[in-house]
Amino acid sequence: MDSSDSQTDDLFMPEFLNETFCNVNDEGLVQATVEVLKTGRLTPLIKEELKCTIQTRRLSEGKDELQVEFNSPEKTSLRPEEVERQHRRREQNRRAAMKFRQKKKDRTEILLRETQKLQNANTTLRDEIDRLVRERNHLTEVLSAHQPRCSLGLATVIFHEPP
């Protein structure tokens with residue numbers, strides 16, 4: 001711990017706060033201020049100030065001071081039928097989740113098979129295109145070689161390359 005940490009820790013000591021806020025008699029406000037300085041969040045101080053404002057207003061209206069204590073709620077045990085219902089719901093949710101995952105897995109497998117089938121068809125069609133292009137080129141060469149020797153005198157056939 002370096003000296004800056006010890007200086008900061010000194011600021012959080014109630015003695016320092018009592019010296020600094022010597023006119024503050026409310027222990028809750030002092031504790032809220034300490035928490036704000038430690039955490040950097042203003043919420044505890046705002047809550048304590050609001051509580052003080054409400055108390056002051058109540059006292060000025062002649063009402064008794066409001067004593068509020070917040071206790072964490074006690075956990076109650078569930079009745080047997082609630083436990084059974086909770087168990088059934090969890091089991092139902094577990095089955096539904098398994099069913100959903102299985103459907104998703106099945107759908108993925110179907111899509112993979114379909115993709116593979118389409119890729120195979122695509123490969124087959126590309127091979128057919130290559131074969132037909134080679135055949136056309138061969139026939140064009142044969143025709144070109146034959147034309148000069150042809151005695152029939154047919155018009156010259158011009159083959160256009162596809163775009």
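1. Gly62 has a positive phi of about 85°. This residue comes just after α4. Keep in mind that the model is predicted.

2. Helix α4 itself runs over residues 43–60, 18 residues in total. From first C-alpha to last, α4 reaches 26 Å. That is close to the 26 Å expected at 1.5 Å a residue.

3. Which residues of α4 are buried? They are Pro44, Glu48 and Gln55. These three lie on the same side of α4, because they cover an arc of only 30° around the axis. The cover over the buried residues of α4 includes α3 (27–39).

4. Which residues does Gln55 contact, leaving aside neighbours within four places in sequence? The partners are Glu65 and Leu66.

5. Now the opposite face. Turned away from the buried side of α4, this face carries the exposed residues Leu50, Thr56, Arg57 and Ser60.

6. Leu50, also a residue of helix α4, has 51% relative accessibility. The cut-off for exposed is over 50%, so Leu50 counts as exposed.

7. Leu50 also belongs to a nonpolar surface patch. The patch covers about 260 Å².

How values were computed:
Residues numbered from 1 in each chain as written. Predicted model: local features only at pLDDT ≥ 70, side-chain atom pairs only at ≥ 80, totals over all residues. Heavy atoms only, no water. Helix = DSSP H or I, 4+ residues; strand = E, 2+ residues; numbered from the N terminus. Expected span 1.5 Å × (residues − 1). Buried < 20%, exposed > 50% of the residue type's maximum accessible area, 1.4 Å probe, protein only. Arc of directions from axis to C-beta. Contact = heavy atoms within 4.5 Å. Patch = residues over 30% accessible without salt bridge, like charges linked within 9 Å, V, L, I, M, F, W, Y side chains within 5 Å. Areas by Shrake-Rupley, 256 points an atom, 1.4 Å probe, with all protein chains shown as cover. Salt bridge = Lys/Arg side-chain N within 4 Å of Asp/Glu carboxyl O.
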